[in-house]
Amino acid sequence: MNFKSKISENKKRKISYFPELCKSCGLCVEVCPQKAIKFSKEEIGHTGNPAIEFDVDKCIACKQCENICPDCAIKIERKQ
């Protein structure tokens, strides 16, 4: 199966989020030390819950969200 990602990126990092895998459990929101992840006020995910939004400029690429996600819906990459 091929899932399409939503990508947020800047010069230092790239966040790939796979909304079709996300159940909006909120674990990533809770674990982010920079508060770079939040529930969307406008967009609804495939489960009917709010989708997740990322602020790539706040992200420090610690990968805590990627590691805690039970659905493998987040991939964080550091750029050179």
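Q: In this predicted model, what is Ser 40 in contact with, once its neighbours within four places in sequence are left aside?
A: Three residues come up: Pro 50, Ala 51 and Glu 53. Each counts as a contact because heavy atoms lie within 4.5 Å. Ser 40 itself sits in strand E3, residues 37-44.

Q: Why is Ser 40 called buried?
A: Its relative accessibility is 6%. Buried means under 20%, so at 6% Ser 40 counts as buried.

Q: What makes the link between the side chains of Ser 40 and Glu 53 a polar contact?
A: The distance is 2.9 Å. The cut-off is 3.5 Å between N or O atoms, with one able to donate a hydrogen and the other to accept it. The Ser 40 side chain also reaches the backbone nitrogen of Glu 42, at 3.1 Å.

Q: Is Cys 25 buried, exposed or partly exposed, and what makes it so?
A: Partly exposed, because its relative accessible area is 42%. Under 20% would be buried and over 50% exposed, with partly exposed in between.

Q: What makes E1 and E2 a pair of strands?
A: They share 4 bridges, in the antiparallel sense. Two strands pair if there are at least two bridges between them, so E1 and E2 qualify. Among the positions involved, Lys 6 stands opposite Tyr 17, and Ser 8 stands opposite Ile 15. A hairpin of 3 residues joins E1 to E2.

Q: How do you know that E2 also pairs with E5?
A: There are 5 bridges between E2 and E5, which run antiparallel. At least two are needed, so this pair passes as well. For instance, Arg 13 has Arg 78 in E5 as its bridge partner.

Q: Why are E1 and E5 called edge strands?
A: The sheet is open, with 3 strands in the order E1-E2-E5 and antiparallel pairing. E1 (6-9) and E5 each pair on one side only. On average, neighbouring strands of this sheet are turned by 15° against each other, ignoring direction.

Q: What makes E2 mostly covered?
A: Of its 5 residues, 4 are buried. To be counted as buried, a residue has to come in under 20% relative accessible area.

Q: Which residues have the most contacts inside the largest nonpolar core?
A: Tyr 17, Cys 28, Ile 37, Ile 52, Phe 54 and Ile 74, in a core of 19 residues. Two or more residues come from each of strand E2 (13-17), helix H1 (27-31), strand E4 (50-54) and strand E5 (74-78). E4 gives the largest share, 3 residues.

Q: What does Tyr 17 touch, not counting residues up to four places away in sequence?
A: The list includes Ile 52, Phe 54 and Ile 74, which are also among the residues with the most contacts inside the core. Tyr 17 also touches Lys 4, Ser 5, Lys 6, Cys 22, Ala 51 and Ala 73.

Definitions and conventions: Residues are numbered from 1 along each chain as its sequence is written. This is a predicted model: local features need pLDDT of at least 70, side-chain atom pairs count only at pLDDT 80 or more; totals for chains, interfaces and linings use all residues. Side-chain values use heavy atoms; hydrogens and water are left out. A nonpolar core is a set of buried Ala, Val, Leu, Ile, Met, Phe, Trp, Tyr and Cys residues joined through side-chain atoms within 4.5 Å. Buried means under 20% relative accessible area, exposed over 50%, partly exposed in between (1.4 Å probe, protein chains only). Axes are lines fitted to C-alpha atoms, for helices over the stretch in contact, and angles run from 0 to 180 degrees between N-to-C directions.
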